[in-house]
Amino acid sequence: MAETEAAPSAHAPEEMGFWRAYIFSIDHKVIGKQYLFLSLFMGFVGIGLSYIFRWQLAFPGSAVPGWGKVSAPQYYEFVTMHGTIMVFFVAMPLLLGAFGNFLIPLMVGAHDMAFPRLNMASFWTIFVGTVLLLISFFVPVGASRAGWTNYVPLSDVPRYTGGVHWGEILWLLGLAIDFASVLMGGINFLTTAIAMRAPGMSIWRMPLLVWGELAASVMFMLSVGPLIAGVVMLLFDQLIGTGFFLPEKGADPLLWQHLFWFFGHPEVYVVAVPGLAIVQEILPVFARKPIFGYRAIVWSTITAATLSFMVWAHHMFLSGMDPTLAEPFSVTTVAISIPFAVMLFAMIATLWRAQIVLSTAMLFALGALANFLVGGVTGIPLGTDASDIYLHDTYFVVAHFHNTLVPTAGIAALGGLYYWFPKMFGRMMNETWGKVHFIFTWIGFNAVFIPLFLIGIGGGQRRIYQPIYNFYKPLQPLHVIATIGLLILIIGQIPFLVNFFWSMFRGARAEANPWHANTLEWATDSPPPHENFHTVPIVTRGPYEYSVPGIEQDWVPQNAPAAVAATGH
Amino acid sequence: MAESAVDIGMVHAPVSSTLEIGKLGMWVFLAGETMVFGGLMGVFVLLAISRGGWGADGAHVNWHIGGINTLVLFTSTLTAAFAQGAARGGDSAGAKRYLGLTALIGLLFLVIKAFEYYGDFAEGFTPLAGLFWSFYYLMTGLHVLHLLAGVVVIFGMFLLVKPTTPGTWLERKLKYVCLYWYFVEVVWVFLFALVYLTPAAG
Amino acid sequence: MEQTDLVTTDPRKTFGALVALLVIGVLAVALSLPRTLAVWIIFVAAVIEAYIIGRFYMRLRSEDVLIYILALLPVALVIILAFVLVPDIARHR
């Protein structure tokens, strides 16, 4: 039988003392919540940065309320750090660290992750990486200005960025440490899901969230290596003056782009796939219908994960790379839209003729689905070389990736938060304020990015501090609308914060299964006991048996006695 | 279908009963590590091809010492394999001895490497001496760090093991500890070929 | 489940094979063989050494298919990456 590393002798938090129970805990549920709080905090840092530079974009040269005037170097610094923080220190820790950690053992019926101490180490590792990244704002000349993609030679030579040296070094270190943390997490996720499932849980009875987290872990683990190599090379360049990427030393700057995007593209699916998986968990529960095409979704996830390694150079069509690579990568990129289309069709089909309950979680899931559709479709003109020649480095790209990353790492994640909050904290969030939060968030988000699509089509380039080009000036009103949209979005987070923290302490007590859902996490208390389940669950069926003909109750838990199925099957 | 609570129908049992989590976890980790070293080596090879070989830049790499170190590392994996054999046979005292020997030989590798680096530096072959030497120090340096970690873990195991330690427990632990050590050896095998022998050839 | 035939493989034989391959590789350099030949010998020797370590030390063959995939998939990916990078990095600019 599978074994785990020795757990501490005391099991219940009350016996462990504050530090072991809440700070240096090896319990995956506590660690998941630590990731949650860290990523939410960093999310607000990231949004704060966007507030500053979006104000500059809408009202160039004016003083940003609460901040002051933004200089060009500051603008590039904030744009760089916004992207870096959101992708590496919000999206990944939230979707993988928080949801993955909290849910995987519960959903597969295990009592904890395979390597609880490694799990704790993974959180404190990303904590260190986060601190280093935040410190980079305050070192001489400030944080990295080279874009979240950190292209060389701009990021290679301090002189090119106006002297950023320590900021760049801390950026590289922060990233390397972040990667180490996610790798550690991935070891746990894969081992736990493969080797510690409850009796009766075949892989075809695993919830789609677990599949999504596994696919993400595999994609990350297999793609990050070459970038770690690149990061170490760049660190050497900055620290000791080697020339790994400098043409004058005989190297090729394009190498960085290849190494970055070989990872970078699977990385965006590392974010997208778990986000979509959260939607796939929420939809059946609030449609009271099985997910349509469970196996099709699983195979699509695996196909997309595999193809994700073959598409990276669509980020480099205009980089000066060998043009021979353009066609093959365009073909693979269009091909990868197919498994995603299958997933989206399956999710829509789940809603067809369903008894839809518009809870807050469901609203966020539907909003995520709608916007991911937009994001996915707008990826096609970017992923084919011919149209990308015009659209590359315009705001069309920005709007495209925000319509994929925000629906998954933001909107779906918020939906997941409303959905699993009762399980995490043992209390219910306020539904009314949740719906207010949704309306502000969704309308605000679209008010930001629909104008940005239009700016991009109009030729508006990204990473431009102020609209000095004459052809750009007619697009300015769109920037103003987008910034107003951002203000709506930001204001809408206030009811969320109040609701979140208030409910944590004063919300109505949650029962074990307030949503009448089937997956195993709902088969135990809210919040679960330290060992997750009082007795090991025996799984007898798949996760999405809702409204099964012949059974009166419209849901059948995964660990229901086998006899319940006898009538309908 | 029977109606007992444990009836799981026609679904076969999960993989879990045959895969030990320590081994599985280690392999997941090694897969990621392969991408790091593989990435570095791939880039190194491509740049070498683009320049038609490292030529004069790589001619001064000390493959004699590299060869000796390879022999040292091979010996340390031999002792590691002996440790595994001893554990399998229930001889924990013997396993302890072999683990200590492995750690010592690993340390010898590091000492020889330190001398080698020192000698290279003395002759002016620093990481700034050209692209080849930048890669040389980066790749061998990264390998050194991994080897050092391995030495520390094996030494830790050496301290932990007592003659009364159950052989089955030790056998399971050593399976993935020694796996890591063999991985370090595989990386070195390719490093030696790429960074020592090939530049010195022809 | 480990197969008993592998359990009885003497590590000393593995060690001997590895040393022999090491000597072959070193000789290719020491004897100043023509460059292309030497590089091929060195490369082939390294691959065989890696195979031997994997087969006789790591006991890869007696492992689950999943482990096999975990061990070999990264290698395949690195080769694909290097292959795609050839036009940009390996061609003489």
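**Close-up views of a predicted model**

**View 1. A:Arg288 and its backbone.** A:Arg288 lies in the loop between H7 and helix H8 (294-307) of chain A. Like everything shown in these views, this residue comes from a predicted model. What is the phi of A:Arg288? Phi of A:Arg288 is near 50°, a positive value in a residue other than glycine. That is worth a look, because most residues other than glycine have a negative phi.

**View 2. Two cis peptide bonds in chain A.** You will find A:Pro153 in the loop between helix H4 (116-135) and helix H5 (166-195) of chain A. A cis peptide bond also joins A:Ser526 and A:Pro527, and its omega is about -10°. For A:Pro527, look in the segment after helix H15 (476-506) of chain A.

**View 3. Helices H3 and H7 of chain A crossing.** Two packed helices are described by the angle between their axes and the distance between the axes. For H3 (residues 72-108) and H7 (residues 254-287) of chain A, the axes come within 11 Å and cross at roughly 45°. H3(A) and H7(A) are therefore oblique to each other, and their crossing is left-handed. By class, the contact of H3(A) with H7(A) has 13 nonpolar, one polar and two charged residues. On the H3(A) side, the residues that meet H7(A) include A:Val87, A:Phe88, A:Leu95 and A:Phe99. Across from them, H7(A) contributes residues including A:Phe263, A:Glu267, A:Gly275 and A:Glu281.

**View 4. Where chain A meets chain C.** Here, 17 residues of chain A are in contact with 14 residues of chain C. The size of an interface is often given as the accessible area lost when the parts come together. Chains A and C bury about 1300 Å² between them, with 79% of it on carbon and sulfur atoms. On the chain A side, A:Leu222, A:Asp252 and A:Asp322 lose the most area to chain C, together 32% of what that side buries. How many salt bridges are there between chain A and chain C? The count is zero.

**View 5. Where chain C meets chain B.** This contact takes 44 residues from chain C and 44 residues from chain B. Between them, chains C and B bury about 3800 Å², 80% of it on carbon and sulfur atoms. One salt bridge is counted between chain C and chain B. In this pair, C:Glu63 is joined to B:Lys23, and the closest N and O atoms are 2.7 Å apart.

Methods:
Residues numbered from 1 in each chain as written. Chains lettered and ligands numbered in written order. Predicted model: local features only at pLDDT ≥ 70, side-chain atom pairs only at ≥ 80, totals over all residues. Heavy atoms only, no water. Axes fitted to C-alpha atoms, helices over the stretch in contact; angles between N-to-C directions. Helix = DSSP H or I, 4+ residues; strand = E, 2+ residues; numbered from the N terminus. Parallel < 35°, antiparallel > 145°, perpendicular 65-115°, else oblique. Left-handed = near helix turned anticlockwise from the far one by under 90°. Contact = heavy atoms within 4.5 Å. Nonpolar A, V, L, I, M, F, W, Y, C, P; charged D, E, K, R; others polar. Buried area = accessible area lost by both parts, 1.4 Å probe. Salt bridge = Lys/Arg side-chain N within 4 Å of Asp/Glu carboxyl O.
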